[in-house]
Amino acid sequence: MNDRLADNPLLDFSGLPRFDAIEPTHVVPAIDLLLTEAGAALEAVTAPDFPAQWKAMSARLDVATERLSRAWGAVGHLNAVADTPELRAAFNEALPKVTEFWTRLGSDERLYAKYKAMDADSLNPEQAQAHRNAMRGFVLGGAELQGEAKQRFAWLQERQAELAQKFSENALDATDAFSLYVTTDELDGVPADVQRATAAAAQTEGKTGHKLTLKMPCYLPVMQFAHSSPLREKLYRAYVTRASEQAEGDAARFDNTAIMTELLALRHEEAQLLGHRHFADVSLVPKMAESPEQVVAFLRDLAQRARPFAEQDVADMRRFAATELGLNDPQPWDWPYVGEKLKEARYAFSDQEIKPYFTAPKVLAGLFRIVETLFEVSIHRDQAPVWHPLVEFYRIERRTASGTALVGQFYLDPAARNGKRGGAWMDDVRERWLRPDNGATQTPVAHLVCNFAEGVEVNGVKQPPLLTHDDVITLFHEFGHGLHHMLTQVNERDVSGISGVEWDAVELPSQFMENFCWEWDVLRHMTAHVETGASLPRELFDKMLAAKNFQSGLQTLRQVEFALFDMLLHSQPVPVADGPGILALLSQVRSEVAVLQPPAYSRTPHTFSHIFAGGYSAGYYSYKWAEVLSADAYAAFEEAASASGHNTLDVDTGRRYREAILEAGGSRPAMESFKAFRGREPAIDALLRHQGMA
């Protein structure tokens, strides 16, 4: 390795990524070298005299491709959480090369032949599952295509990766580009901590008043609490027209319309090349659901069950808006405000009343206590290079006969900021793997990313960040994904943790964790008022619990709307060819399932990153599908609590859940893991009960 590459942090695999040292100039040289090494490994294992044996091939090829994955994963992560023009340029320069390599690997006929030639009887159960997945992956990767069709398939993969990246960039840039400066009077009704944050943002820019943005910690509380309907309308219009031709002024340059239509055309062509009717068929091959028709029937059944509750939700809001707020004809930007006011009136509390009790450090300590109790591990702060001062790093350990053993580690990046993609997610840094090159067990490492508001200064004292209860639920959700990745005991990398888990089952552990946010014995240990240190009062919790399923019908229909739109969009016999066609299909779905209609200028699909840039295309239904699994899984803890008279932190049930679901990872079909835990297939009853729609 030459001197220039010798100091490249992306090529240092001796430990954790050196995030504090990675620069945009490191990206292309490192990725080029790793691609060369991975390409050489591919040539080596596909040589006629190389044995078609799992361990021998893994020691040569998987070691090289894992290095590439880890380096590219670090680059992709920084691109999502610390975007700069220089990093974006480097990422986009390397992206086509990386995409081309993975496409070539997945469609290599020689490699496919080696896998076919393997002696299945020589594989252990984990290797056998990984082998089955790989064989399926070769078919989906175009390994059986020939000539021009194979070349076209490879081009389709590269172009789709390029378009998905551009879609994501446009959504981020359109969000970051908006700002609105207002006076304190215009923010009447908005919580004090939000006003302090918006005032500080304006002050940083040398301006008076308040700076409003479309980032969730600012946008949502303004929509819920600002008394000014014109202000809410301004923000709402800017939010729902992001990355579209409807955006005001210069922001229209981020329009995603052409990207969406081209992606749909390319996905359809890919499906046709692989011999499928449409992309939805391709998407479902590695999932639990058997067909698009089954998914659509599931979603329509759920919509039918939820609709009466949603209609009642809207009727209640209309009545309340007219009689209590003087709003006889509420507009779309009024609904969050009306809903919040109705909740306050009905349950005598507001989200902002709860927020001071959920200080981030206390919530985190409470989350760790649950995990430590249920899954018999311990969590401690740890040291690692990070990309931002607010990022924290932790280790998870398990007690053993001889002391403690490292189980996994994770980075926690909680705060919203410019240059950071919105939303929340878990991503892997590396997987658990019994390495074939040195025989050592590599422990898993995860990223947990959220977008919460930062702590603000009060009377010269910096307060800890305050979380809404929804923020708490989000944190628990992502930590559930992290546990799935980190607590695995599988030694085969391709089926370790979340790897190899069917996409429509991967949300089970994340949604499962959300349930603990509604347990008094759990919640009271993770609250401390920011000023007094007092725990959340039981009376306030009871009000929260009473309001738990407030508008659950509306929320369910909202998710069904997204999922049904996604599935129908990707299962058209001919791909939707233009922006109006996409909007017409969404309008058709809304007329079928929605009870509230947005204005004509709304452009929801244009920032629907899950399906256009995030791997959920023809798979967004997974959230509701997995919710059935997670609710039924949590019901086992409720049953244990009922039998014992204690709370749901039942260690025996936790151990069974950990062993059957979390530790098994993707080493067997998700239904087998579920049945190993529950003793039967899942039922929808627990979900409907949990959401007050039984």
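Guide: Two strands pair if DSSP finds at least two bridges between them. Helices (H or I, at least four residues) and strands (E, at least two) are DSSP runs, numbered from the N terminus. The model is predicted, with local features needing pLDDT of at least 70 and side-chain atom pairs counting only at pLDDT 80 or more, while totals for chains, interfaces and linings use all residues. Residues are numbered from 1 along each chain as its sequence is written, and side-chain values use heavy atoms, with hydrogens and water left out.

Visitor: How many bridges join strand 4 to strand 5?

Guide: Strand 5 covers residues 403-415 and runs antiparallel to strand 4. A hairpin of 2 residues connects them. The number of bridges between strand 4 and strand 5 is 9.

Visitor: Which residue in strand 5 is the bridge partner of R398?

Guide: Strand 4 and strand 5 are antiparallel. Within strand 5, R398 has as its bridge partner A405.

Visitor: Which residue in strand 4 is the bridge partner of H380?

Guide: Strand 3 (residues 378-381) is joined to strand 4 (residues 392-400) by 4 bridges, and the two run antiparallel. In strand 4, H380 is partnered by R395.

Visitor: How far apart are the end C-alpha atoms of helix 4?

Guide: Helix 4 is made of residues 85-106, which is 22 residues. The expected span of a helix is 1.5 Å times one less than its number of residues.

Visitor: Where in helix 4 does the kink lie?

Guide: The bend at a residue is the angle between axes fitted to the seven residues ending there and the seven starting there. In helix 4 the kink is about 30 degrees and comes shortly before the proline P96. Its place is L95.

Visitor: What covers the buried residues of helix 4?

Guide: Buried means under 20% relative accessible area, exposed over 50%, and partly exposed in between (1.4 Å probe, protein chains only). The buried residues of helix 4 include L87, F91, A94, L95, V98 and F101. Contact means heavy atoms within 4.5 Å. The cover includes helix 2 (24-45), helix 3 (54-81), helix 5 (109-117), helix 6 (125-140) and helix 7 (147-177).

Visitor: How many residues of helix 21 are buried?

Guide: Helix 21 runs over residues 552-569 and should span 26 Å, in agreement with the 25 Å between its end C-alpha atoms. Helix 21 is largely enclosed by the rest of the structure, because of its 18 residues the number buried is 15.

Visitor: Is D49 buried or exposed?

Guide: D49 sits in the loop between helix 2 and helix 3. Its relative accessible area is 68%, so D49 is exposed.

Visitor: How far apart in space are D49 and L568?

Guide: In sequence, D49 and L568 are separated by 519 residues. D49 belongs to the loop between helix 2 and helix 3. From C-alpha to C-alpha, the distance between D49 and L568 is 48 Å.
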